[in-house]
Amino acid sequence: MPANLFDPATEFVGRRALVTGGSRGIGAAVAQRLLDGGAAVAVTARSHTADTPVDAVFIAGDLRTADGASAVADAAVRELGGLDILINNAASARPHVGGVTTIPDQEWLDSLDINFLSAVRVTHAALPALRKSDGAAIVNVSSGGATPLPGPIIHYGAAKAALNAYTLGLAQELSPQGIRVNIVTPGPVLSPGGTEIRQTLADAAGIDPDETLVGVPMRRFGEASEVAEVVALLVSPRGSWLTSHNFYVDGGVGAL
Ligand SMILES: NC(=O)c1ccc[n+]([C@@H]2O[C@H](COP(=O)([O-])OP(=O)(O)OC[C@H]3O[C@@H](n4cnc5c(N)ncnc54)[C@H](OP(=O)(O)O)[C@@H]3O)[C@@H](O)[C@H]2O)c1
């Protein structure tokens, strides 16, 4: 075991990471945590924000198409000179408060593209580089919505369920080759996207978003940095025997 195994300031020195959706929220926190540990990091999104880590390489791209996803992965490998860590985190959910049957067909297709197929496509484009790495690791960021949620974002939940099935199958195939693959499932986290969705759903239900905390044993929203810490553990040398699991970082929601 390396002497710096537990040194958070150096454990990622020499590692190269791509974080999709790293411009803000959980993705930005993950990217910052990897940077703080000494990694070279590329983040990707359609737009840069004030929260985008300044020391990361920013790659602009839209992950909803096969070409967009592979272009992003190729650019990251080129910019970083290889790849050791891949975090598929980008996602998007547009609530339809009228319920399941009001979600148009195109919305289902869009949801599958960004919340499921983007991860498949980025992963497959990045795999040749990951296979050259010594001890590569992938984390796909899912959602508690992968188990049934009420109607307004069921298209998002169904895409995340597909992501979970894909990820665990991928883990079975890649783990024997030395590439570890895991899922992280956040609970309700304070992030631009998460906060906006919760507000829309709460408005439709005529409640305050804080009232939903009754379903969270710890009775508070999570911070993006709390999710980032677990992602970092999974892709670090500390997680060297962790693969093919779904880790809930959710203040206890998953235990209910
Ligand atoms: N926050 C929560 O409460 C919560 C709960 C459960 C699970 N999660 C999961 O955690 C992850 C991060 O969530 P978050 O709340 O931090 O999200 P967020 O604040 O909405 O940020 C989403 C990120 O994804 C990028 N993105 C969205 N559409 C994209 C596209 N078509 N192409 C490329 N990039 C795109 C966004 O940048 P652009 O829009 O500029 O492209 C942004 O960087 C997601 O996988 C989400 O499902 C979050």
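How far does a polar side-chain atom of Arg 46 lie from an oxygen atom of the ligand? The distance is 2.8 Å. This is a predicted model, in which local features need pLDDT of at least 70 and side-chain atom pairs count only at pLDDT 80 or more, while totals for chains, interfaces and linings use all residues. Residues are numbered from 1 along each chain as its sequence is written, and side-chain values use heavy atoms, with hydrogens and water left out.

**Contacts with the ligand**

- Leu 63 takes part through its backbone, where an N or O atom lies 2.9 Å from a nitrogen atom of the ligand.
- Of the 880 Å² that the ligand exposes when taken alone, the protein buries 91%; accessible areas come from the Shrake-Rupley method with a 1.4 Å probe, and for residues only the protein chains shown count as cover.

**The shell around the ligand**

- Helices (H or I, at least four residues) and strands (E, at least two) are DSSP runs, numbered from the N terminus.

- You can find Gly 61 in the loop between β3 (57-60) and α2 (66-80).
- Gly 61 counts as buried because its relative accessibility is 18%; buried means under 20% relative accessible area, exposed over 50%, and partly exposed in between (1.4 Å probe, protein chains only).
- Leaving aside residues up to four places away in sequence, Gly 61 touches Thr 44, Ala 45, Arg 46 and Val 72, where contact means heavy atoms within 4.5 Å.
- From C-alpha to C-alpha, Gly 61 and Gly 25 are 17 Å apart in space, and they are 36 residues apart in sequence.

**Two positive phi angles**

- Arg 219 is not a glycine, yet it has a positive phi of about 55 degrees; this residue sits in the loop between α5 and β8 (222-223).
- Ser 244, also not a glycine, has a positive phi of about 65 degrees, and its place is the loop between α6 (224-235) and β9 (246-249).

Key: A polar contact is a pair of N or O atoms within 3.5 Å; within protein, one must be able to donate a hydrogen and the other to accept it, and residues adjacent in sequence count only if both atoms are side-chain atoms.
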